[in-house]
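Here is a short report for a reader who is new to this structure. Please look at the sequence and the model before reading on.

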Amino acid sequence: MRLGQLLTLFLCSAFIHVIQAQEKQVLIENVKLLDYKTQMLTPPKHVLINGNTIQTISTSPIDVQSKNIVKIDAKGKTLMPGLIDVHVHLVFGALTMPQMMTNDLSEEVLIKTVGLSAQQMLMRGFTSVRDVGGPIFPLKAAIDKGKLLGPRIWPSGAVVSQTAG
C-alpha cells in the first residue's frame with residue numbers, strides 16, 4: 001500500500017469519527033474491506049454506518065432515503081477501522097515543562113493547547129486513546145460534549161506505573 005493511500009485511510013477514519021459525533025449516517029461506496037478469514041481484500045463493496053455501528057455491508061448499492069447522510073465514494077480504496085493508541089500522555093506530550101510549571105496554567109489554556117494536539121491525533125487516524133496519566137479530564141469532557149474534535153479518551157487519571165516507579 002502506498003503512503004498516499006495509507007494517509008487517505010487514516011483521514012477517512014478520522015472524518016467518519018467526526019461525522020458520527022454529529023449523529024449522521026455515513027455511506028461509503030466502492031470500498032475494499034480486509035477479509036480476516038482469507039486475509040485478502042474484498043472486491044469493492046458498500047458500507048452503511050449508523051452512529052457507531054456498521055449497519056449494512058453489501059455488494060449491491062445501498063439505497064438510503066435520508067437527508068442526514070454523508071456519502072463517500074472510496075474509489076476502490078481500502079477501509080480500515082480507526083486506530084487505538086493505548087499509551088499516551090496527551091497533556092505531557094503537548095505542553096513543555098515551563099508551560100506546565102507556570103502559574104498561568106488554567107483549564108482554558110490546557111484545553112486550547114492540548115485540544116489542538118488531540119485534534120491532530122484524531123486527524124492522524126487515532127479515534128481512541130488510553131491516556132495513562134495526567135490532568136486529562138477537562139479535555140475528555142470537552143471532546144465528549146462535542147466542543148472539541150479529538151479521539152475518544154479512556155483516562156486513567158493517576159499515572160499508571162509500577163510500585164515505587
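## Basis of the model

This is a predicted model: local features need pLDDT of at least 70, side-chain atom pairs count only at pLDDT 80 or more, and totals for chains, interfaces and linings use all residues. Residues are numbered from 1 along each chain as its sequence is written, and side-chain values use heavy atoms, with hydrogens and water left out.

## The whole chain

The protein chain has five helices and nine strands. Helices (H or I, at least four residues) and strands (E, at least two) are DSSP runs, numbered from the N terminus. Read from that end, the order is α-β-β-β-β-β-β-β-α-α-α-β-α-β.

The chain holds 165 residues, and 36% of them are buried. Buried means under 20% relative accessible area, exposed over 50%, and partly exposed in between, with a 1.4 Å probe and protein chains only.

Contact means heavy atoms within 4.5 Å. Of the contacts with a separation of 6 or more, 64% join residues 24 or more positions apart.

## Helices α4 and α5

Two packed helices are described by the angle between their axes and the distance between the axes. Helix α4 covers residues 107–123 and helix α5 residues 137–144; they pack at about 65°, with axes 9 Å apart. The axes are lines fitted to C-alpha atoms, for helices over the stretch in contact, and angles run from 0 to 180 degrees between N-to-C directions.

From α4, the contact uses Glu107, Leu110, Ile111, Val114, Gly115 and Ala118; from α5, it uses Pro138, Leu139, Ala142 and Ile143. Eight of these residues are nonpolar, one is polar and one is charged. Here Ala, Val, Leu, Ile, Met, Phe, Trp, Tyr, Cys and Pro count as nonpolar, Asp, Glu, Lys and Arg as charged, and the others, Gly among them, as polar.

## Two strand residues

Asp85 is in strand β7, residues 83–88. Beyond residues up to four places away in sequence, Asp85 touches Met121, Phe126, Ser128, Val129 and Arg130. A polar atom of the Asp85 side chain lies 3.1 Å from the backbone nitrogen of His87.

Ser58 belongs to strand β5, residues 53–58. Ser58 counts as buried because its relative accessibility is 19%. Leaving aside neighbours within four places in sequence, Ser58 contacts Lys45 and His46. A polar atom of its side chain is 2.9 Å from the backbone oxygen of Ser60.

Gln39 sits in the loop between β2 (34–35) and β3 (40–41). Its phi is near 55°, a positive value in a residue other than glycine. Gln39 counts as exposed because its relative accessible area is 66%.

Lys75 lies in the loop between β6 (69–73) and β7. Lys75 is not a glycine, yet its phi is positive, at about 55°. With a relative accessible area of 66%, Lys75 is exposed. Thr78 has its place in the loop between β6 and β7. Thr78 is buried, at 15% relative accessible area. Its C-alpha atom is 5.7 Å from that of Val31, 47 residues away along the chain.

How values were computed: A polar contact is a pair of N or O atoms within 3.5 Å; within protein, one must be able to donate a hydrogen and the other to accept it, and residues adjacent in sequence count only if both atoms are side-chain atoms.
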